[in-house]
Amino acid sequence: MTDVTYPAPQFSLDQAKALAASHFGVAARASSLDSERDQNFKLTAAEGSLWILKIVNASEPASESEFQVALLDHLARTGADVAVPRLRLTQDGTALAHATGVAGEQHALRLVSWLPGMPLAEAARTPELLGNLGAALGRLDRALQGFIHPGALRSFDWDIRQAGAARGRLRHVDDAEDRALLGRFLDRFDAEVAPRLASLRAQVIHNDANDWNVLVDDNDHNRIAGIIDFGDALYSPVIAEVAVACAYSILDVEDPIGAAAQLTAGFHAEYPLREEEIDLLFDLIVMRLVISVSLSAQRKAQVGDNPYLAISEAPAWRLLRRLDAMNRRFATAILRHACGFDAAPGAKAITDWIKANKKSFAPVLDRHPATLAKALVPYGDPAHPMTVTSAGREPDKATAWWDAYCAENGIALGIGPWGEARTVYTSDIFWSRFVEGARRVHHLGLDLFMPAGTRVYTPLAATVKSVEIEEDPLGYGCLIALEHSPEGCPPFVTLWGHMAHEAMASLMPGQELEAGALVGEMGAPAENGGWAPHLHFQISTDPDLAARDILGVGEARYLDVWAELFPDAATLAGIPPETFHRDGRTRPEIVAARKTLLLPNLSISYSEPIKFVRGEGVWLIDDRGRAYLDCFNNVCHLGHAHPDVVEAIATQAAKLNTNTRYLHDAIVTYAERLTATLPEGLSVASFACSGSEANSLALRMSRTITGRNDALVLDWAYHGTTQELIDLSPYKYKRKGGKGRPAHVFEATIPDSYHAPADWPVEEHASRFAQSIAEQIEAMRKEGRAPAFFIAESIPSVAGQVFLPEGYLKELYAMVRAAGGFCIADEVQVGFGRVGSHWWAFETQGVTPDIVTMGKPIGNGHPMSALVTTRDIADRFDNGMEYFNTFGGNPVSCAAGLAVLDVIERDRLRDNAADVGAYLVERFKDMQRRYEVIGDVRGMGLFLGIELVTDRRTKEPATAFARKVNDGARARGVLIGTEGPHDNVLKMRPPMIFSRRDADHLVGVLEETFAAVLAEGA
Ligand SMILES: Cc1ncc(COP(=O)(O)O)c(C=O)c1O
């Protein structure tokens, strides 16, 4: 090993010239160059060529000089894609010559070409230049792969593997704090770095890309012109090459880790690094500096000041102090990210897992945050009173402002978004440790603002990692860290800040929590660090960070790194993305545009209309990120945006959509499948696009075959939107704008058992109500008329969710058929298994209609409808006139219809409807026992009604109460409707996937609403 204390060679300029001439045949002028332990001369040959004569320290073993020569020779032969000095052979054809020094010692000599360019030390270190330096080193080391020489297997002070030896030099460091600083780094090196170094890839590396050994192009200062001085080359870990180059390149820069990241990424692009190498890089950069400053201290002690040694000492100390203040895991995250690796191992897998499993998390609040009315807390606005008072540590004023805002706007949950730039972080702790002069202003958690005492729950099973009190003003107060290790996901941590101190007593590190278990309560300002009460909820994909080390606020420059290390916790907390981003027109703008562009006859639900932007299962999500439980819209039979239906539609639409005049498999397959759900005999299908069209076809069939026009309907029925159907819909023709009952329409009483005369025995309700039909047929007969058909919903819905008395349709169908009319069952609302026990609601009456019409749920939102009838009727209708419906039965519609049938069967949704429907009826009946206003509860499967009355005896409709419940449920995030001639029946038709949990949510909201409406009336 070279003895660094051995005196450098002492040849004069003239001697150097003479040696160059005699050994290498180069007649040249000589000038002296700096060198620590050898002697170097710059030679300018007569013909203008430039050379360096190196006179090697006499203590250097011959093998090392031979190694240098072999290395340069290897690079010359392999043609490394980076300029390096070229060897000039002696006149004897050898690479090395020898000379005797003043004391008779032997020195090896070699002559190499002089490379043009200026030292990196004199160039501005732009990101581009650093990237190019990394790339040049990457190319160099790629060229050195596979090269080996016995001289490379040396070990000396500058070998990163020997960094621990710096401990022996600590005593030469005068300042105690400086010694302690190096001691800390050395402790970490010994404990955590040295043991891992041995297993890293190693090869011959340059090992000294300091900014005097790197040349920059004189004309293009971002280009590397060459790399010189292979005197420190050795067999060492590849990553040491990067670490050494970084250690020098990042001295005195504004953002040292950013600069190191540029260089490392450049290297990685040419010579792919491994994660385990980058994970040690920060420490190795540090250790290169530790070696440097400790050697300087030692040399100072031994030989006094040497300008070459001291050259990088002061900046090195400055950098060491900055690196000491940094969290090395964050620095490593920046380096990893720059090379395209996860900022923390597994970070992407964790965010992917959270995204993929978002539907399975337990709610973090008593009521799921998605369902609450939310607003962003104005911390993004520096001038806002809430921001100003929060930053000024006046939490009570901030809280008062927020509470008043919530009360005025019906807001239940305030949101402080991830990434928001905030001015509230005023103290010194918010200076960046990475970027000089930058502040940390970007919020890296998700804030949930609710009153102090609000309970919060873990979305996933967890182990308590830590519970502590952080006392800093505007700190976290009580701070909890939970570790989660869900199956199929790398472990990660959630941070819960600003909690009530009570958690210190209720949670113990190591304690296991089940998903949904209580974590604690939001703290009051006195306990939460002095903030308006809220939870700071954050994810750390690095599970090894201590709670206090997790960055709650980050600098702008590294937001993309923090996004991986501390990803937005909104999905884990169940906050819909719409909470944060709005697009399209505002609600008032849409209302205004509708007024000018659309028919005024279109109605809008609710006095304050809702703008929905997304549907998902049982939920409809509005433009403000609030999820409403949809218990009303029976079109989304399988739930909104059901993936099977979406897929079926998309696949078929991408392939072919045409009409029934061409042959296609889907229409016949669908007809087979649909008719198979119906009773024997109902075997011929026809497809259309809306319930109205299906009903219209049913009318056309009946009238064509019977030759009659007259119709029998039930009072308050609705059958569709065309004029001929409005004429059959008392619900329309009797109300505003209606012209009253047309002469060809005969109306029978609604067979509403709840409103049956008190003296009618229940078992006689069917025949008593059927009497009304008998009377209508008789009235027709007297006028010499007879019905073409009788049409009714199998459970009249707009009439107020009226369930027909048992046996009613049987009696009625017999009468109609006896009068020569057809029986049409309108199953547009109630079909497709909604009643649970049967596919079709008419089946619950034990009858088989002549014609069945279907719509709404048939395509889960895709506009389609169907009619099914008997072979006989179909044949009799075939009078030569074509039935063509442009869109009816197209391949895309049939694909949607098939998917709907598949899912109902596959997921046993009829069973679910029966089960959850029965559960809801039971829960509603329980409410009925407690709320006098509930006169009647009725339901079959997921077709449900609650009739509200002011007096159970008189059954006076409680219309105003029903409207308030409807509005109150909406205000609480649940969509229901009111129905019936007096609008006093709460109507519910939730999707067939409605679960008991959804049912509990609905009942919970109804309970709250009933109580509130009653309290308001009191
Ligand atoms: C019972 C009933 N039949 C028919 C229709 C008409 O269906 P569409 O609006 O699809 O034309 C409706 C629509 O509300 C309905 O409720």
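**Ligand site**

I began with K856, where a polar side-chain atom lies 2.9 Å from an oxygen atom of the ligand. Keeping in mind that this is a predicted model, I then asked how much the protein covers: the ligand taken alone exposes 390 Å², and 83% of that is buried by the protein.

Q829 places a polar side-chain atom 2.9 Å from a ligand oxygen. For D826, an N or O atom of the side chain is 2.7 Å from a nitrogen atom of the ligand.

I listed the residues around the ligand, among them S690, G691, S692, N695, Y718, H719 and E793. By class, I noted two nonpolar, seven polar and three charged residues in this shell. Which helix gives the most to the shell? I found helix 20, residues 691–706, with three residues.

**Aromatic rings**

My count of aromatic pairs came to 28. I picked out W562 and F566, a tilted pair with 6.3 Å between centres and 35 degrees between the planes. Are these two buried or exposed? W562 is buried because its relative accessible area is 0%, and F566 counts as buried because its relative accessibility is 0% too.

I also marked one aromatic cluster, formed by Y379, W401, W402, Y405, Y425, F430, F449 and W531.

**Charges over rings**

Last, I checked two charged side chains. K42 lies over the face of W114, 4.0 Å from the ring centre. The charged end of R989 sits over the ring of F632, at 4.5 Å from its centre.

Methods:
Residues numbered from 1 in each chain as written. Predicted model: local features only at pLDDT ≥ 70, side-chain atom pairs only at ≥ 80, totals over all residues. Heavy atoms only, no water. Near = heavy atom within 4 Å. Polar contact = N/O pair within 3.5 Å; in protein donor to acceptor, adjacent residues only side chain to side chain. Areas by Shrake-Rupley, 256 points an atom, 1.4 Å probe, with all protein chains shown as cover. Helix = DSSP H or I, 4+ residues; strand = E, 2+ residues; numbered from the N terminus. Nonpolar A, V, L, I, M, F, W, Y, C, P; charged D, E, K, R; others polar. Phe/Tyr/Trp six-rings, centres within 6.5 Å; stacked < 30°, edge-to-face > 60°. Buried < 20%, exposed > 50% of the residue type's maximum accessible area, 1.4 Å probe, protein only. Lys NZ or Arg CZ within 6 Å of the ring centre and 35° of its normal.
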